[in-house]
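Welcome! Let us walk through this structure together, one part at a time.

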Amino acid sequence: MRFAAAALALLAASAGCREDAPAAAAPERPELHLITALPLLFDEQFTLEGERPAVAAWLDQRYRLSAIDLPSQLPPAATLLMIQPVALPAEELVSLDRWVRGGGRLLLLADPRLEWPSERPLGDPLRPPPMYADTGLLGHWGLRLDSPERAGPVTIEGVTYGSPGTLVANGPQCVVRNKVAARCKVGGGQAVVVADADWIADGAQADKLGALIESLRR
């Protein structure tokens with residue numbers, strides 16, 4: 001996610017100025033690292049005035065979100081939520097692979113046909129990428145991501161996806177469920193991959209996202 005550090009600083013400053021902030025310290029929330037090109041922590045104009053998706057507030061209530069820009073900034077054996085990231089340079093893909101193999105836990109929402117609404121024009125570097133840029137990392141883990149078999153929403157086991165892609169396992173380290181989700185054992189760590197990111201725009205489905213995160217944390 002671009003400008004992650006600046007976004008967190010802006011959020012922290014805003015929280016510190018609110019008069020209705022509770023005096024008592026809230027219970028400790030587990031830390032969750034976040035890399036995303038979607039406007040979750042702030043709106044598309046990089047302000048706090050615009051409306052954010054309901055899932056952003058849901059995550060903020062349950063986790064200490066630590067937004068970062070690059071996998072090389074991750075501490076060891078942490079939990080990372082990666083949602084439709086921008087294309088990463090080769091050295092950062094190596095860092096991400098090494099981090100997972102060293103015990104990291106990754107939930108990756110990789111959408112080959114993103115339908116997330118955006119007011120930014122096509123080609124704008126701040127617009128979320130229309131498709132997940134798989135530059136070989138998934139294949140390195142024994143997984144293939146294909147474009148949607150058809151456009152339009154699909155409901156699978158109570159989750160309604162946008163236009164989900166199809167995941168295919170090319171090795172024994174990944175187990176695919178219903179073509180849309182896969183769990184991979186990567187060295188000493190784990191990666192859960194979901195072939196759609198649009199489904200989290202529906203705040204009513206935030207608990208499904210939380211269940212995936214907690215399954216990794218456990």
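Strand 1, which covers residues 31-36, pairs with strand 3, residues 79-83, in the parallel sense, and four bridges join the two. Within this pairing, look for Thr-36, which stands opposite Ile-83 in strand 3. Keep in mind as you explore that this is a predicted model.

Now step back to see the sheet. Strands of a sheet pair through backbone hydrogen bonds, either parallel or antiparallel. Here seven strands form an open sheet with mixed pairing, and their order is 2-1-3-4-11-10-9. At the edges you will find strand 2 (64-67) and strand 9 (174-177), each of which pairs on one side only. On average, neighbouring strands of this sheet are turned by 20° against each other, with direction ignored.

Helix 3, made of residues 90-101, lies across strand 3, strand 4 (105-109), strand 10 (181-186) and strand 11 (189-194), and runs at about 140° to strand 3. Helix 5, residues 206-217, also packs on the sheet, where it touches strand 1, strand 3, strand 4, strand 10 and strand 11. The direction of helix 5 makes about 155° with that of strand 4.

Helix 5 has a helix partner too. Helix 2 (residues 54-62) packs with helix 5 at an angle of about 45°, and their axes are 10 Å apart. Helix 2 and helix 5 are therefore oblique to each other, and their crossing is right-handed. If you zoom in on the contact, you can see Val-55, Trp-58 and Leu-59 of helix 2 meeting Ala-206, Asp-207, Leu-209, Gly-210 and Ile-213 of helix 5.

Is Lys-208 buried or partly exposed? With a relative accessible area of 30%, Lys-208 is partly exposed. Leaving aside residues up to four places away in sequence, Lys-208 touches Gly-158, Val-159 and Trp-199.

Trp-199 leads us to the last stop, an aromatic pair. The count of such pairs comes to one. Tyr-161 and Trp-199 form this pair edge-to-face, with 6.0 Å centre to centre and 65° between the planes. The pair links distant parts of the chain, 38 residues apart: Tyr-161 is in strand 7 (residues 159-161), while Trp-199 is in the loop between strand 11 and helix 5. Both Tyr-161 and Trp-199 are buried.

Notes. Residues are numbered from 1 along each chain as its sequence is written. This is a predicted model: local features need pLDDT of at least 70, side-chain atom pairs count only at pLDDT 80 or more; totals for chains, interfaces and linings use all residues. Side-chain values use heavy atoms; hydrogens and water are left out. Two strands pair if DSSP finds at least two bridges between them. Axes are lines fitted to C-alpha atoms, for helices over the stretch in contact, and angles run from 0 to 180 degrees between N-to-C directions. Contact means heavy atoms within 4.5 Å. Rings of Phe, Tyr and Trp (its six-membered ring) pair if their centres lie within 6.5 Å; planes under 30 degrees apart count as stacked, over 60 as edge-to-face and the rest as tilted. Buried means under 20% relative accessible area, exposed over 50%, partly exposed in between (1.4 Å probe, protein chains only). Angles under 35 degrees count as roughly parallel, over 145 as roughly antiparallel, 65 to 115 as roughly perpendicular and the rest as oblique. A crossing is left-handed if the near helix is turned anticlockwise from the far one by less than a right angle, and right-handed if clockwise.
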